[in-house]
Amino acid sequence: MHFLVCLFLTGNVLHVLTQCSSPFNLNGDYLVGGLFDIHTSSSVSHERPEAIHCSSQTFSLSSYRRFQLMRFSVEQINNSTQLLPNVSLGYKIFDHCSISKNFPGIFDLISANGLIRPWSAERQHLSATSKVIGVVGPFSSTDTLTVAPLFMMDLIPLVSYGAASSAFSEKAKYSSFLRTVHSNKESVKVIVAIMEHFKWQWVAFLYSNDAYGNDGLGLFRNLIKDTDICLALAMEIKLKSNYSEVFQHIEAQRIKTLVVFAPKLSVEALIESAIQVGVTNKVWIAVDTWSLNEKLPKMKGIQKLGTILGVSQPLLTIPGFSEFLLASQSKDPCEDEEALGFCNQICNCSSLSAQDIISMDPTYSFSVYSAVYAIAHALHNVLECDKQTCQGNISVFPHKVLVELKKSNFTLLNQSIQFDEHGDPKFGSYNIVFWNKSGEIEEIGYFEFQSSVNFVIDEMKIQWHGKWKVPTSQCSHQCPVGFAKKQDGIHKCCFTCEECPDGTYINISENAYKCVDCKETEWSSEASTSCILRTVEYVSFEDSIAILIIAATLLLLGLEVAMCVTFALNYNTPVVRSAGGHMCFLILGCLGLSSLSIVFFFGKPSGFSCILQFVPFSLLFSTCLACFVVRSFQIVCIFKIAAKFPKLHGWWMKYHGQWLVVMGTFVMQCVLNFSSFWIATPKPYNETTWSPDKIIPSCEISAKATSGPTFLLLCLCTLCFVFSYMGKDLPKNYNEAKAITFCLLLLILTWIVYVSIGMVYRGKFIPSLNALAVLSSLYSFLLWYFLPKCYIIIFQPHKNTTQYFQDIIQNYTKTISQ
């Protein structure tokens with residue numbers, strides 16, 4: 001019958017409540033609502049709808065302490081001469097023991113004269129609005145999610161002292177919600193900071209399956225995304241969970257650090273089960289719902305669990321509260337307790353002593369205290385109060401109080417009470433606590449939200465379990481220096497170690513999972529953590545080998561000039577004519593100009609020098625070979641083909657076939673060189689693969705691009721060798737063909753040696769070897785073809801006569817005819 005009366009909110013409510021001095025109600029000019037879960041009902045299914053008798057449910061002494069703190073806060077405000085002078089503040093508090101069964105109490109707070117009507121400007125002077133200007137509570141996030149929408153409708157301020165879910169920061173849904181406790185985001189941020197400080201990376205997250213626990217899990221996952229922390233296991237816990245199965249999963253995955261994000265009752269059941277199961281050597285991180293638990297630190301066997309650290313709100317002593325409890329508990333309870341039974345507002349706490357309440361967990365005490373004072377200060381501002389009096393002709397509505405609440409800025413127990421745009425507190429901090437072996441909770445650090453140095457922890461105060469060292473919590477052991485992690489499975493904390501090869505390094509502060517390539521100008525050995533600048537090596541013009549090669553080139557040029565002079569002075573002699581006559585000057589000139597390429601093999605390569613390393617030698621040396629091809633062909637033609645093919649010999653002589661071949665070769669080589677540059681121009685590049693600690697500047701000449709010019713040179717060499725070899729049986733003293741053959745053999749041998757060395761060696765001396773190969777090619781023709789001719793001209797002039805040559809030819813002809 002009482003439940004039906006409450007449900008329909010009849011006008012007899014206030015009459016019944018005022019028949020006895022109830023601790024749940026206090027008359028005043030303005031009322032502050034309160035929602036406290038003094039009793040907590042378990043989830044029990046019913047076959048029919050029925051009211052819950054809160055007094056028959058589990059009693060929560062810590063919630064009762066917060067309930068008494070609100071009563072004390074209102075009484076202290078009423079006794080103040082500066083806050084709300086001449087204005088009495090009352091309260092209407094409900095034991096919010098059930099999420100779904102306590103709506104009568106909520107309806108009573110938002111109703112007026114038994115009616116619930118939306119506020120409107122037309123009725124603002126009528127008595128159709130509740131005297132409740134704001135509500136303190138509820139405590140849990142789940143309770144708040146259930147009842148908050150009812151208060152949001154008329155913008156009744158709902159100032160929670162315990163609802164930490166980050167969902168309430170969304171003002172589009174919870175426009176009149178504020179809180180004096182930090183959101184889960186802040187407490188999770190502290191937990192992550194602790195784990196990063198001690199390098200705990202392999203953790204389990206045990207959470208309650210409600211708005212509080214689910215929100216904490218989501219925030220934890222988001223905050224560890226960019227850290228080295230891995231969530232190895234996330235499991236929900238309930239009062240009746242199979243905890244032994246939870247701990248089996250934890251042991252199976254070798255997890256050493258456990259974050260328990262759940263209400264007090266669920267955690268107490270979890271810890272008791274852990275002691276019974278025999279869980280040992282873990283690190284437990286407690287949140288503020290149980291970090292200051294008065295029961296667990298003194299529980300038998302708690303020390304075997306390992307090390308317990310916690311995040312808690314700072315403990316502030318509320319002056320006068322203990323005296324208030326001593327005075328209120330000494331009063332006789334109401335004689336007619338049945339009269340207090342409206343909406344189950346029966347405490348059943350007459351057996352409690354004041355000392356029981358005082359020694360209870362003081363967490364959230366300041367949150368309740370500051371919530372009541374915030375509403376009082378907002379009302380003070382709405383009434384335009386000064387130190388002596390308040391304006392009595394101002395209509396006070398909840399939405400006006402809400403406006404002033406959002407602008408709160410006052411000092412309470414040396415704390416500056418302010419709210420941000422989300423209704424979250426700007427004040428406060430978190431303490432970091434440790435449960436020592438004496439069963440006491442010791443403060444070991446703090447986390448400040450509004451400070452540059454915001455995280456401090458004193459490790460010397462922590463008595464670690466085991467070997468008294470900071471325990472580790474990792475899926476895999478840390479890799480040695482210079483090794484990169486290779487993820488093994490879905491978790492980045494589980495990995496194998498791979499050594500970084502040479503030319504790479506690992507920087508674990510940036511990315512411990514990847515070996516980074518060194519820059520081209522740097523090098524590193526295996527398992528390096530940084531790169532070293534390479535040294536640049538090339539043969540400069542000052543090096544001894546460069547000096548010797550250039551000197552040999554100058555000697556070559558000098559010999560060529562001397563030979564040109566000798567040949568010019570003896571131009572009409574048989575030796576000069578047999579050597580090629582005026583073609584000798586072309587050959588010597590091309591050999592001399594080819595030597596220009598040698599100079600560009602020294603010094604640091606440039607685009608220009610890379611071209612000149614290849615072009616002069618390719619173009620002019622091919623002209624030399626064309627001359628020798630012609631010369632070899634002429635020797636064979638004169639002695640062998642003239643008699644058999646007189647017409648061919650006549651055509652050759654008439655149209656100067658030798659010059660057509662030489663000119664054609666020159667033009668063709670020009671075209672091929674131009675085409676090769678069009679495909680890929682020779683350019684400088686840095687050779688870094690040969691020596692890891694050196695950069696060797698070289699010229700990059702594409703084999704594909706140079707295949708045409710090179711092929712022509714090979715063809716000329718082949719033809720020259722074939723024709724000269726055909727003349728190997730010519731007169732002994734008429735040895736041009738033999739000389740050319742020998743020169744070609746030296747030329748081929750030189751380039752075979754150079755190519756063989758280039759295949760196994762790519763050091764700084766490769767350009768010098770290339771220069772030597774070019775120089776050797778030039779010297780082979782100069783020394784073995786032209787030098788013997790000069791020797792005959794200078795030292796054996798008797799052989800340089802027409803008669804001598806005619807005798808040789810006649811003797812050869814007789815030999816052939818025989």
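Predicted model: local features only at pLDDT ≥ 70, side-chain atom pairs only at ≥ 80, totals over all residues.
The disulfides come first. The model holds 8 of them by the distance rule applied to cysteine sulfur atoms.

The link of Cys230 and Cys493 is right-handed, at 95° about the S-S bond. Cys230 lies in strand β10, residues 230–237. Cys493 sits in the loop between β19 (483–487) and β20 (495–499). The pair therefore ties together parts that are 263 residues apart in sequence. Both Cys230 and Cys493 are buried.

Cys475 and Cys494 form another disulfide, and their sulfur atoms are 2.0 Å apart. The torsion about the S-S bond is 105°, and the link of Cys475 and Cys494 is right-handed. Cys475 has a relative accessible area of 14%, so Cys475 falls under the 20% cut-off and is buried. Cys494 is buried because its relative accessibility is 10%.

Cys610 and Cys699 also form a disulfide, with sulfur atoms 2.0 Å apart. The torsion about the S-S bond of Cys610 and Cys699 is about -85°, so this disulfide is left-handed. Cys610 belongs to helix α18, residues 607–644. Cys699 belongs to strand β27, residues 694–700. The helix and the strand hold one partner each, so the pair ties together parts that are 89 residues apart in sequence. Both Cys610 and Cys699 are buried.

Cys720 is in no disulfide. The nearest cysteine sulfur to Cys720 is that of Cys717, 7.3 Å away. Cys720 counts as buried because its relative accessibility is 0%. Cys790 is likewise in no disulfide, and the nearest cysteine sulfur, that of Cys564, is 9.1 Å away. Cys790 has 7% relative accessibility, so Cys790 counts as buried.

Strand β5 was examined next. The strand spans residues 89–95 and is mostly covered, with 7 of its 7 residues buried. In a regular strand, side chains alternate between the two faces of the sheet. Leu89, Tyr91, Ile93 and Asp95 point one way from β5. Gly90, Lys92 and Phe94 point the other way. The residues of both sets are all buried.

Strand β5 pairs with β1 and with β2. Strand β1 (residues 25–26) pairs with β5 in the antiparallel sense, over 2 bridges. In this pairing Asn25 stands opposite Lys92. Strand β2 (residues 30–36) runs parallel to β5 and is joined to β5 by 7 bridges. Here Gly34 stands opposite Ile93.

Thr750 lies in helix α22, residues 736–760. The relative accessibility of Thr750 is 16%, so the residue counts as buried. Leaving aside residues up to four places away in sequence, Thr750 touches Ala773 and Ser776. Thr750 and Leu775 are 25 residues apart in sequence, and their C-alpha atoms are 9.9 Å apart in space.

Technical notes: Residues numbered from 1 in each chain as written. Heavy atoms only, no water. Helix = DSSP H or I, 4+ residues; strand = E, 2+ residues; numbered from the N terminus. Buried < 20%, exposed > 50% of the residue type's maximum accessible area, 1.4 Å probe, protein only. Contact = heavy atoms within 4.5 Å. Disulfide = S-S within 2.5 Å. Pairing = 2+ DSSP bridges.
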